[in-house]
Amino acid sequence: MRYVLIRVAIAVLSRFPARFVSALGAGGGALAYLVAGTDRARALDSLALAFPEASDAEHRALARACFRHLGRSLFELACIEQLDRDVEEWVRWPAADRAVLE
């Protein structure tokens with residue numbers, strides 16, 4: 001049942017523009033931050049260990065940003081074909097940076 005629901009969600013989301021789906025995913029991640037108390041607490045505990053010098057407000061802001069990013073990334077997977085096709089629109093690689101790598 002889960003598989004079918006995921007496939008339907010991917011089919012529906014893939015029909016929308018990638019930027020819309022990305023924003024929708026960020027919203028979903030923000031909602032998850034609010035309702036997923038156990039995961040939020042785990043993230044905040046981990047951030048407190050990783051960044052002891054940061055304030056609680058900074059930990060909360062970073063955790064919210066991480067949840068939004070995770071939601072965005074998850075939803076963007078539904079649009080992977082669009083992203084592949086339009087990679088030049090999404091990825092910036094200035095010539096100066098490319099020269100450093102070369």
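Guide: Asp 39 and Arg 42 share helix α3, residues 37–50. They sit three residues apart, about one turn of the helix. (Helices are DSSP runs of H or I with at least four residues, strands are runs of E with at least two, and both are numbered from the N terminus.) This is a predicted model: local features need pLDDT of at least 70, side-chain atom pairs count only at pLDDT 80 or more, and totals for chains, interfaces and linings use all residues. Residues are numbered from 1 along each chain as its sequence is written, and side-chain values use heavy atoms, with hydrogens and water left out.

The two residues form a salt bridge, and the closest N and O atoms of Asp 39 and Arg 42 are 3.1 Å apart. (The rule asks for a side-chain nitrogen of Lys or Arg within 4 Å of a carboxyl oxygen of Asp or Glu.) The count of salt bridges comes to one. Asp 39 is partly exposed, at 39% relative accessibility. (Buried means under 20% relative accessible area, exposed over 50%, and partly exposed in between, with a 1.4 Å probe and protein chains only.)

Stay with charge, but turn to rings. Arg 40 lies over the face of Tyr 33, at 5.6 Å from the ring centre. (Here NZ of Lys or CZ of Arg must be within 6 Å of the ring centre and within 35 degrees of the ring normal.) The charged end of Arg 98 sits over the ring of Trp 93, 5.4 Å from the centre.

Now the rings themselves. The structure holds two aromatic pairs. One is Phe 16 with Phe 20: 5.3 Å centre to centre, 40° between the planes, tilted. (Rings of Phe, Tyr and Trp, the last by its six-membered ring, pair if their centres lie within 6.5 Å; planes under 30 degrees apart count as stacked, over 60 as edge-to-face and the rest as tilted.) The other pair is Tyr 33 with Phe 67: the ring centres are 5.5 Å apart and the planes stand at 80°, so this pair is edge-to-face. Tyr 33 lies in helix α2 and Phe 67 in helix α4, residues 56–76, so the pair ties together parts that are 34 residues apart in sequence. Tyr 33 is buried, at 6% relative accessible area. Phe 67 is buried too, at 13%.

Phe 16 is partly exposed at 36%, and Phe 20 is partly exposed at 42%. Both belong to a nonpolar surface patch of about 660 Å², along with Tyr 3, Val 4, Val 8, Val 12 and Leu 24. Helices α1 (2–13) and α2 (18–35) each give two or more residues to this patch. (Patch residues have over 30% relative accessible area and no salt bridge; nonpolar side chains are joined within 5 Å, like charges within 9 Å.) Helix α1 gives the most, with four residues. Phe 16 is placed in the loop between α1 and α2.

Step back to the whole chain. There are seven helices and zero strands. Of the 102 residues, 20% are buried. The radius of gyration is 17 Å, whereas a compact globule of 102 residues would have one near 13 Å. (The radius is taken over C-alpha atoms; the globule rule is 2.2 Å times the number of residues to the power 0.38.) Along the principal axes, the C-alpha atoms fill a box of roughly 50 × 40 × 20 Å.

Conventions
Accessible areas come from the Shrake-Rupley method with a 1.4 Å probe; for residues, only the protein chains shown count as cover.
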